[in-house]
Amino acid sequence: MGTSQDSEMSSSFHSSCTEPRLSQVQPCVFSGSKTGASSGKSSDGEFYTLESTPDFVAYNSPSATSISPVRSPFSPQDSHYSLASDHHQPPDFNVYDSNVDGSSGVEDESKLMHALWVLRNELLGPESGTDDIGCFDGAVIESSPFSKYNKILEKAPQMDLKKLLITCAEIVAEADTISDRQVALSAAEALIEILEKKVSISGDPLERLGAYMLEGVRARLLHSGSIIYKRLKCKEPINPTSSELMSYMHVIYQICPYYKFAYVSSSVIISEAMENENRIHIIDFQIAQGSQYVSFIQSLARRPTGPPYLRITGVDDPQSAHARGGGLQLVGQALANVARSYGVPFEFHGAAISGTEVQFENLRVQHGEAVAVNFPYVLHHIPDENVSSENHRDRLLRLVRSLSPKIVTLIEQEANTNSTSFLQRFHESLDFYVAMFESIDAACRREDKQRISTEEHCVARDLVNIIACEGSDRVERHEPFGKWRMRFVKAGFSPVVLRPTVGRAVCDMLKDYSPNYRVGEGNGALYLGWKNRAMSTCSAWR
């Protein structure tokens with residue numbers, strides 16, 4: 001990934017204030033952690049990148065000694081997990097030749113190459129190839145790919161898991177550029193066999209992440225990433241017949257503060273921007289359950305001069321109905337009941353449409369109302385200039401700017417997975433998601449079946465898409481805050497300075513979570529981090 005963007009975003013999260021500019025910050029005091037939390041890796045581990053870690057003002061967090069985390073007894077599974085086992089031959093996978101049992105000629109050739117590789121080493125020894133760069137008749141002869149990969153495979157059993165994952169990704173990337181592609185693919189398959197013995201969906205954070213990244217690599221080789229992504233639905237109920245009806249997304253919502261960070265910060269920002277308005281229209285581009293507006297409605301009811309008239313337009317992809325068990329009308333009915341009970345005049349409009357398709361008439365903006373727009377973890381799904389010349393991401397921002405909103409809130413993951421380079425995306429995903437898996441470890445036992453299912457259907461789903469898919473099939477296209485800032489400024493927006501109340505509200509929310517979560521403010525945004533790794537940002541615009 002490039003290091004030139006937003007060079008000011010270069011320092012890590014701090015747990016104490018050492019510079020003069022930090023002395024004015026209100027401390028963020030945590031009173032405890034979630035019940036039953038188990039410890040993950042050492043808090044000394046740093047997970048951040050040059051692009052994604054800001055130069056910011058830090059809110060103090062307590063030291064790790066404020067709690068006594070206890071490891072839950074468990075034995076990680078030794079067997080590996082194959083997410084793509086049912087997708088090795090997707091219906092629309094084009095092959096050169098297929099036999100009766102459905103295996104492809106390409107796959108057979110790869111297996112044959114691997115078998116020949118092993119046989120060659122057994123008969124001739126590992127040193128039988130061209131090992132070094134040589135010279136013949138004055139001409140330089142470079143080492144063959146076969147010899148290069150053979151050396152890598154010799155060292156592979158001694159590599160640590162992270163190095164092995166990166167090496168495998170590097171060979172897969174080279175397979176797209178070298179003439180002897182089949183040799184690279186055979187070497188990648190050999191590394192995959194070694195990796196399968198080192199990863200586990202119930203292991204430590206890196207072992208679990210490695211299991212899913214390995215499936216992403218396998219899906220990339222088999223061109224099955226888009227099929228896996230569509231079949232794993234994070235918003236689909238775990239068991240529709242269960243009395244709990246808890247979605248995978250709701251599990252993540254409960255054990256990690258990332259979604260609550262979005263809801264709390266945006267709610268405070270919008271409330272403060274609308275404190276003197278009599279007609280308020282909120283346009284939420286990922287309304288989900290709509291529960292984030294219950295406290296907002298309650299705050300409007302407490303106004304000394306009486307509650308204002310509130311309209312909410314909820315934009316949501318029709319597939320999100322899985323999480324609700326029905327369409328957007330359920331959200332509207334629930335919020336209408338809350339508003340009625342608190343005496344707040346209310347109107348709801350549901351726009352069951354993808355953000356890519358939204359037009360001015362879908363938003364139903366009326367004269368005389370103050371407009372607020374909320375983008376919670378949604379803009380990275382909108383295709384940009386890397387996908388098509390239509391560039392719906394920037395088009396949507398220009399459309400929102402034409403509404404003359406009083407406030408716009410943006411919450412996004414602090415990661416850069418929008419690169420055209422597969423290897424850069426792999427490195428960035430490894431850094432970002434190992435921190436996320438650590439944070440999950442702090443709240444959920446590793447052998448918890450619900451956690452395993454949630455990671456598979458939510459986190460693994462995104463990872464497979466980032467690693468295995470290209471073009472319009474790759475919909476998980478996160479960008480660091482510096483890039484979002486450039487997009488918003490280009491669309492005509494100006495940044496809004498966040499009040500201290502926003503950071504304090506987030507710190508108050510974090511009291512129920514691990515003290516390894518950090519809150520920092522810098523570059524015009526509020527950052528949520530895990531240890532020293534920035535994970536999410538919230539910013540405001542007008």
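**Figure 1. Helices H4 and H5 of the predicted model run roughly antiparallel to each other.** The packing angle is about 155 degrees. Angles over 145 degrees count as roughly antiparallel, so the pair H4 and H5 falls in that class. The two axes lie 11 Å apart. H4 spans residues 181-196 and H5 spans residues 205-222. Their crossing is left-handed.

**Figure 2. A salt bridge joins Lys 162 and Asp 431.** The model holds 27 salt bridges by the rule applied here. In this one, the closest N and O atoms are 3.9 Å apart. The cut-off is 4 Å, so the pair counts as a salt bridge. Lys 162 sits in helix H3 (residues 161-174). Asp 431 sits in helix H14 (residues 422-441). Lys 162 is partly exposed, with a relative accessible area of 36%.

**Figure 3. Arg 499 and Glu 275 form a salt bridge between two loops.** The closest N and O atoms are 3.6 Å apart. Arg 499 lies in the loop between strand S9 (495-496) and helix H17 (500-509). Glu 275 lies in the loop between helix H8 (258-273) and strand S4 (279-284). The pair therefore ties together parts that are 224 residues apart in sequence. Arg 499 has a relative accessible area of 42% and is partly exposed. Glu 275, at 39% relative accessibility, also counts as partly exposed.

**Figure 4. Glu 428 and Arg 533 form a buried salt bridge.** Here the closest N and O atoms are 3.5 Å apart. Glu 428 belongs to helix H14. Arg 533 belongs to strand S12 (residues 533-541). The partners are 105 residues apart, and the pair links distant parts of the chain. Glu 428 is buried, and Arg 533 is buried too.

**Figure 5. Shared partners join several salt bridges into one network.** The members are Asp 176, Arg 181, Arg 220, Arg 425, Glu 470 and Arg 474.

Notes:
Residues are numbered from 1 along each chain as its sequence is written. This is a predicted model: local features need pLDDT of at least 70, side-chain atom pairs count only at pLDDT 80 or more; totals for chains, interfaces and linings use all residues. Side-chain values use heavy atoms; hydrogens and water are left out. Axes are lines fitted to C-alpha atoms, for helices over the stretch in contact, and angles run from 0 to 180 degrees between N-to-C directions. Helices (H or I, at least four residues) and strands (E, at least two) are DSSP runs, numbered from the N terminus. Angles under 35 degrees count as roughly parallel, over 145 as roughly antiparallel, 65 to 115 as roughly perpendicular and the rest as oblique. A crossing is left-handed if the near helix is turned anticlockwise from the far one by less than a right angle, and right-handed if clockwise. A salt bridge is a side-chain nitrogen of Lys or Arg within 4 Å of a carboxyl oxygen of Asp or Glu. Buried means under 20% relative accessible area, exposed over 50%, partly exposed in between (1.4 Å probe, protein chains only).
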